[in-house]
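The points should be read alongside the sequence and the coordinates.

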Amino acid sequence: MASDPEEERKEKLTQCILAQYRVCTAGVLTGAGYSALRRVATPWPMLAGGFAGTFGDFMYGYFVECAHLRGSDSIFERREGK
């Protein structure tokens, strides 16, 4: 059974975005370093770094790393005659 090209593109975009992890890792390590240097006994700096990093990964993946898979987005279409 052949799959729809649009569905296949969306699946590849999802896999590409979910494969991003660099900024999240950096956020968690930064939070861990902050906790160790400041002697903070709570996990909140690591959690905050992880959440901020995850958001950064999604944004980086969507707008930079996986942008080639978003070719049909209306904001990138060129209008004829303009």
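Throughout this note, two residues are in contact when heavy atoms of theirs lie within 4.5 Å. With that understood, Ser35 is in contact with Val40, Thr42 and Pro45, its neighbours within four places in sequence being left aside.

1. The model is a predicted one. Its secondary structure amounts to 3 helices and 0 strands, and the order of elements from the N terminus is α-α-α. The protein has 82 residues, of which 22% count as buried. The accessible surface is about 6,600 Å², and carbon and sulfur atoms account for 62% of it. Of the contacts between residues at least 6 apart in sequence, 67% join residues at least 24 apart.

2. Helix H1. This helix comprises the 14 residues 5-18. Its end C-alpha atoms are 20 Å apart, in agreement with the 20 Å that should result at 1.5 Å a residue. Arg9, Leu13, Cys16 and Ile17 are the buried residues of H1. Seen down the axis, these buried residues fall within an arc of 95°, and they therefore line one face of the helix. The partner against which the buried residues of H1 pack is helix H3 (44-65).

3. The nonpolar core. Which residues make up the largest nonpolar core? It consists of 5 residues in all, namely Leu13, Cys16, Ile17, Cys66 and Leu69. Leu13, Cys16 and Ile17 are also among the buried residues of H1. Leu69 has contacts with Arg9, Lys12, Leu13 and Cys16, again leaving aside neighbours within four places in sequence.

4. Cys16 belongs to helix H1 and Cys66 to the segment after H3, so the pair ties together parts that are 50 residues apart in sequence. The torsion about the S-S bond of Cys16 and Cys66 is about -90°, and the disulfide is therefore left-handed.

5. Accessibility of the cysteines. Buried residues are those under 20% relative accessible area. Cys16 is buried because its relative accessible area is 17%. Cys66 likewise counts as buried, at 0% relative accessibility. Cys24, by contrast, has 21% relative accessibility and so counts as partly exposed.

6. Helix H2. Residues 22-38 form this helix of 17 residues. Gly27, Gly31 and Ser35 are buried in H2. They cover an arc of only 70° around the axis, which puts them on the same side of H2. Leu29, Thr30, Ala36 and Leu37 are exposed on the other side. The buried residues of H2 pack against H3, as do the buried residues of H1.

7. Individual positions in H2. Ala26 is another residue of helix H2. Because its relative accessibility is 39%, Ala26 counts as partly exposed. The C-alpha atoms of Ala26 and Ala52 are separated by 9.9 Å, and these two residues are 26 residues apart along the chain.

8. Arg39 and the end of H2. Where is Arg39 placed? Arg39 follows H2 and is located in the loop between H2 and H3. Although it is not a glycine, Arg39 has a positive phi of about 55°. Exposed residues are those over 50% relative accessible area; Arg39, at 75% relative accessibility, therefore counts as exposed.

Notes: Residues are numbered from 1 along each chain as its sequence is written. This is a predicted model: local features need pLDDT of at least 70, side-chain atom pairs count only at pLDDT 80 or more; totals for chains, interfaces and linings use all residues. Side-chain values use heavy atoms; hydrogens and water are left out. Helices (H or I, at least four residues) and strands (E, at least two) are DSSP runs, numbered from the N terminus. The expected span of a helix is 1.5 Å times one less than its number of residues. Buried means under 20% relative accessible area, exposed over 50%, partly exposed in between (1.4 Å probe, protein chains only). The arc is that of the directions from the helix axis to the C-beta atoms. A nonpolar core is a set of buried Ala, Val, Leu, Ile, Met, Phe, Trp, Tyr and Cys residues joined through side-chain atoms within 4.5 Å. Accessible areas come from the Shrake-Rupley method with a 1.4 Å probe; for residues, only the protein chains shown count as cover. A disulfide is a pair of cysteine sulfur atoms within 2.5 Å.
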